[in-house]
Structures are given as structure tokens and as C-alpha cells.
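Here are a few friendly notes to read alongside the model. Have the 3D view open and follow the points in order.

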Amino acid sequence: MLGAVSALVGVFTVAERGYFNFASPPLMLPAYSAVFLGAAVFSKKRRFDIFGSVFSAYFLLVLGNGLSLLNQPRWIGSVISGFILLVAVLANMPKNRKV
């Protein structure tokens, strides 16, 4: 199920933006942020699921649109998305893990 949804999103993204072999890194940070935020916040068992990823992707989209409406530079959205990714990964780590 998740693979089919990922393939559909990939087709829509290529249809909207076109294919460039160097365009994938800016698209991966929001995707990782959405998946880990969905697991850390919207999932009861702190597991990756489609519903948490969709809700968190919507949250990040609204955040990015709000920043563009406030006339902020585009790099601020990437910094905030990276910070959200860092917080979500740290929140999703087990508490008794030895490093």
C-alpha cells in the first residue's frame, strides 16, 4: 500500500515539476521530516504509518505556505523543516538506548 502511494506521489511530482536529475535533494528533506514527524507525534506506538505521514506532510505544507505569505526567503522553510526532522528523530529514539 505504501509503495503504491509513493509511486503515485512520484508520478504527480514529476508531472508537476518535470524531471531533473539534480532536483531530488530539496524534495527529500520535507519527505523525511513528514515521515518522522508522523511517527513521533501522530502515531500511538511511535511507528511509521501512512496517516501520520499524510497529516504531518499537510502540516509542513501549511507551514511552508505561511512562510511564503509572510515574504520569508525559501531557505528559512528548509531550516525549519530540518529542525523539525531533528526534533522528530530525537523524540522517536528509544529512551534506554546506549550509544
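1. Let's begin with a pair of helices in this predicted model. Helix 3 and helix 4 are roughly antiparallel to each other, because an angle over 145 degrees counts as such and theirs is about 150°. To find them, look for residues 50-69 for helix 3 and residues 74-92 for helix 4.

2. Two packed helices are described by the angle between their axes and the distance between those axes. You have the angle already; the axes of helix 3 and helix 4 lie 10 Å apart. The crossing of helix 3 and helix 4 is right-handed.

3. Which residues make the contact? From helix 3 come Phe59, Leu60, Leu63 and Leu67, and from helix 4 come Ile76, Gly77, Ile80 and Ile84.

4. Now try a length check on helix 4. Its 19 residues, at 1.5 Å a residue, should span 27 Å, and the end C-alpha atoms are 27 Å apart, so expectation and model agree.

5. Stay with helix 4 and ask which of its residues are buried. They are Ile76, Ser81, Ile84, Leu85, Ala88 and Asn92. Ile76 and Ile84 also belong to the contact with helix 3.

6. Finally, have a look at Ser53, which sits in helix 3. Is Ser53 buried or exposed? Its relative accessibility is 15%, so Ser53 counts as buried, the cut-off being under 20%. Setting aside neighbours within four places in sequence, Ser53 is in contact with Ala34, Val35 and Gly38.

Definitions and conventions:
Residues numbered from 1 in each chain as written. Predicted model: local features only at pLDDT ≥ 70, side-chain atom pairs only at ≥ 80, totals over all residues. Heavy atoms only, no water. Axes fitted to C-alpha atoms, helices over the stretch in contact; angles between N-to-C directions. Helix = DSSP H or I, 4+ residues; strand = E, 2+ residues; numbered from the N terminus. Parallel < 35°, antiparallel > 145°, perpendicular 65-115°, else oblique. Left-handed = near helix turned anticlockwise from the far one by under 90°. Contact = heavy atoms within 4.5 Å. Expected span 1.5 Å × (residues − 1). Buried < 20%, exposed > 50% of the residue type's maximum accessible area, 1.4 Å probe, protein only.
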